[in-house]
Amino acid sequence: MRLLQVLILLAFFVLCLGLMYWAWTGRAKKQAGAIGDLPAVPADCGAQLLEPTTGLYLGSTLAPSWIQRITVGDLGFRATAELTRFERGILLERDGAGTIWIPQESITAVRAERGHAGKVMTEDGVLVIRWTLPTGTEVDTGFRGDDKAVYPAWTATATKTGDEA
């Protein structure tokens with residue numbers, strides 16, 4: 001009797017994992033057209049405006065929803081990362097995942113938020129970059145920096161550079 005209970009529980013667990021995988025891949029298929037290909041990192045990023053900031057890439061979401069995570073490719077997976085601000089855009093280099101290049105002309109806002117991609121932090125604990133993909137879809141990319149004292153420089157630089165462009 002006990003063996004039967006364990007097997008039923010194990011079968012239920014495997015079924016739940018299968019359903020989660022099915023939902024994740026189904027969402028990725030639905031989002032694929034809206035996301036398309038990400039911009040390629042240019043050979044020349046321009047002058048470096050801010051020192052690299054280390055932290056955690058929290059994922060990207062469809063704007064304006066902070067919980068509608070993008071599941072296309074590896075955009076939905078959290079990873080340790082380094083964020084660097086250049087004259088021509090923002091470079092997000094992720095460990096174990098592809099590099100994300102956010103061109104300056106695509107950036108619509110850089111702000112500090114309380115939460116992103118289902119992750120809730122302390123007030124202004126997450127740096128969120130809102131930008132437009134080549135397909136025209138607006139997304140928010142979340143980054144939790146190891147040193148939150150650099151956030152004001154990120155938000156100020158993005159605003160000044162955006163005004164000058």
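Which pattern does the protein follow when read along the sequence? Then, in detail: with which residues does Asp140 form a salt bridge, and is Asp140 buried or exposed?

Analyst: The model is predicted, so local features are taken at pLDDT of at least 70 and side-chain atom pairs only at pLDDT 80 or more, while totals for chains, interfaces and linings use all residues. Numbering starts from 1 along each chain as its sequence is written, and side-chain values use heavy atoms, with hydrogens and water left out.

Read along the sequence, the pattern is α-β-β-β-β-β-β-β-β-β-α. That comes to two helices and nine strands, both taken as DSSP runs numbered from the N terminus (helices H or I, at least four residues; strands E, at least two). The C-alpha atoms occupy a box of roughly 70 × 35 × 25 Å along the principal axes. Of the 165 residues, 39% count as buried; buried is under 20% relative accessible area, exposed over 50%, and partly exposed in between (1.4 Å probe, protein chains only). Among contacts (heavy atoms within 4.5 Å) with a separation of 6 or more, 60% are between residues 24 or more positions apart.

Now the charged cluster. The structure has four salt bridges, each defined as a side-chain nitrogen of Lys or Arg within 4 Å of a carboxyl oxygen of Asp or Glu. Side chains of opposite charge can pair when their charged atoms come close.

Arg111 pairs with Glu113 at 2.7 Å, N to O. Glu113 is partly exposed, at 29% relative accessibility, and Arg111 is also partly exposed, at 23%. Arg111 forms a salt bridge with Asp140 as well, the closest N and O atoms being 3.3 Å apart. Because Asp140 lies in strand E9 and Arg111 in strand E5, this pair ties together parts that are 29 residues apart in sequence. Asp140 itself is buried, with 2% relative accessibility. Its side chain also meets that of Arg130 in a salt bridge, at 2.7 Å, N to O. Here the link runs between strand E9, which holds Asp140, and strand E8, which holds Arg130, distant parts of the chain ten residues apart. Arg130 counts as buried at 18% relative accessibility. Through shared partners, the salt bridges join Arg111, Glu113, Arg130 and Asp140 into one network.

Ile70 sits in the loop between strand E1 (48-62) and strand E2. The C-alpha atoms of Ile70 and Asp140 are 9.7 Å apart, although the two residues are 70 residues apart along the chain. Ile70 is buried at 1% relative accessibility. Beyond its neighbours within four places in sequence, Ile70 touches Gln31, Ile35, Ser60, Thr61, Leu62, Leu75, Gly76 and Val139. Leu133 belongs to the loop between strand E8 (126-132) and strand E9 (138-145), and is buried at 5% relative accessible area. From Leu133 to Ile35 the C-alpha distance is 6.9 Å, across 98 residues of sequence.

A nonpolar core is a set of buried Ala, Val, Leu, Ile, Met, Phe, Trp, Tyr and Cys residues joined through side-chain atoms within 4.5 Å. In the largest one, of 23 residues, Leu83 and Ile129 touch the most other members. Two or more residues each come from E1, E2, strand E3 (89-94), strand E4 (100-103), strand E5 (107-113), E8, E9 and helix H2 (151-164). Leu83 is in contact with Glu51, Pro52, Thr53, Ile90, Leu91, Leu92, Leu127, Ile129, Phe143 and Trp154, leaving aside residues within four places in sequence. A separate core of five residues includes Leu58, Met121, Val126 and Val128.

Arg85, in strand E2 (residues 79-86), is buried at 0% relative accessibility. Its side chain makes a polar contact with the side chain of Gln104 at 2.5 Å. Such a contact is a pair of N or O atoms within 3.5 Å, one able to donate a hydrogen and the other to accept it; residues adjacent in sequence count only if both atoms are side-chain atoms.
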